[in-house]
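Welcome! Take a look at it first, and then read on.

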Amino acid sequence: MKYFSPDFVQFFKDLAANNRKEWFDENRKRYEKEVKNPFAAFVADLIIAMRAEEPELLVEAKDCIFRINRDIRFSKDKTPYKTQCSALISAGGKNHMATPGLYIEFGPEKIAVYGGIYEPDANLLKDVRWHIAENTNAFKKAYTNADFVKTYGSIKGEQNKRLDKDFLEAAAREPLLFNKQFYYYAHLPTSLYTSPELLPTVLKTYQVAEPVRNFLRQEKKKKK
């Protein structure tokens, strides 16, 4: 199934050059037809496809899609609109950035597929570090999986310069314990927007990360 027309990309290019409310209001119907509605349909179908392997994924597209409006309250950039659309598909939806799931950004220059844990609070970060420290071999096996490396490269994240002394011995074996986030991403070509292979490709990219995703989810499951 094809979800987007070539105007999906062109809309965001035009928006980048005219990022103001007056222009957006004049092009709102175009936005709804070429961007908002097709993206919602894509996310809804992607959730259904993911639910085939994850029956606990009971969210709907509206629970996962972020608004195009930017939060400019604390930003130096006062342009009112994002120049991409995005969604976080996980059991908690868009309000649970620390839940390992699938985050996608569709923009004019790339399709980005993300996963992992991006914004853990202090307690979750400590729990994840303990999980890694106690299972370093399993963690390394997951992120050195050949398909994961080919698709995502490596696990990313800002790092602490110092680490609690309880983790130092394990950190000598696994330097990723210094990470404050544990995320990964892949970029796909924008030619997929108008291809029936878009959904299967995004789904396959998500599935490749299953070993890492399952490892990171194990800590959260232990807390239930």
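A residue counts as buried when its relative accessible area is under 20%, and as exposed when that value is over 50%. Please keep in mind that this is a predicted model. Of the 224 residues of the protein, 44% count as buried.

**The overall picture**

- The protein has 10 helices and 4 strands.
- Its pattern along the sequence reads α-α-α-α-β-β-β-α-α-α-α-β-α-α.
- If you draw a box along the principal axes, the C-alpha atoms fill roughly 60 × 40 × 30 Å.
- Take the contacts between residues at least 6 apart in sequence: 64% of them join residues at least 24 apart.

**The sheet**

- The 4 strands form an open sheet, with the order S1-S2-S3-S4 and antiparallel pairing.
- Strand S1 (85-89) and S4 are the edge strands; each has a single partner strand, so one side of each has no neighbour in the sheet.
- From one strand to the next, the twist averages 15°.

**A closer look at strand S4**

- Strand S4 covers residues 182-188 and is mostly covered itself, as 5 of its 7 residues are buried.
- The partner of S4 is strand S3 (residues 111-117), and the two pair in the antiparallel sense over 7 bridges.
- To find your place in this pairing, look for Tyr114, which stands opposite Tyr185 in S4.
- Another pair to look for is Gly115, which stands opposite Tyr184 in S4.

**Glu174, a buried residue in a loop**

- Where is Glu174 found? This residue sits in the loop between helix H8 (168-173) and S4.
- Is Glu174 buried or exposed? Its relative accessibility is 1%, so Glu174 counts as buried.
- Once neighbours within four places in sequence are left aside, Glu174 is in contact with Ile132, Thr136, Phe139, Lys140 and Tyr143.
- With Tyr143, the side chain of Glu174 makes a polar contact, side chain to side chain, at 2.7 Å.
- For a sense of distance, Glu174 and Ala16 are 158 residues apart in sequence and 42 Å apart in space, C-alpha to C-alpha.

**The cysteines**

- How many disulfides are there? The count comes to 0 disulfides, going by a cut-off of 2.5 Å between cysteine sulfur atoms.
- Cys64 is in no disulfide, and its nearest cysteine sulfur, that of Cys85, lies 14 Å away.

Terms used:
Residues are numbered from 1 along each chain as its sequence is written. This is a predicted model: local features need pLDDT of at least 70, side-chain atom pairs count only at pLDDT 80 or more; totals for chains, interfaces and linings use all residues. Side-chain values use heavy atoms; hydrogens and water are left out. Buried means under 20% relative accessible area, exposed over 50%, partly exposed in between (1.4 Å probe, protein chains only). Two strands pair if DSSP finds at least two bridges between them. Axes are lines fitted to C-alpha atoms, for helices over the stretch in contact, and angles run from 0 to 180 degrees between N-to-C directions. Contact means heavy atoms within 4.5 Å. A polar contact is a pair of N or O atoms within 3.5 Å; within protein, one must be able to donate a hydrogen and the other to accept it, and residues adjacent in sequence count only if both atoms are side-chain atoms.
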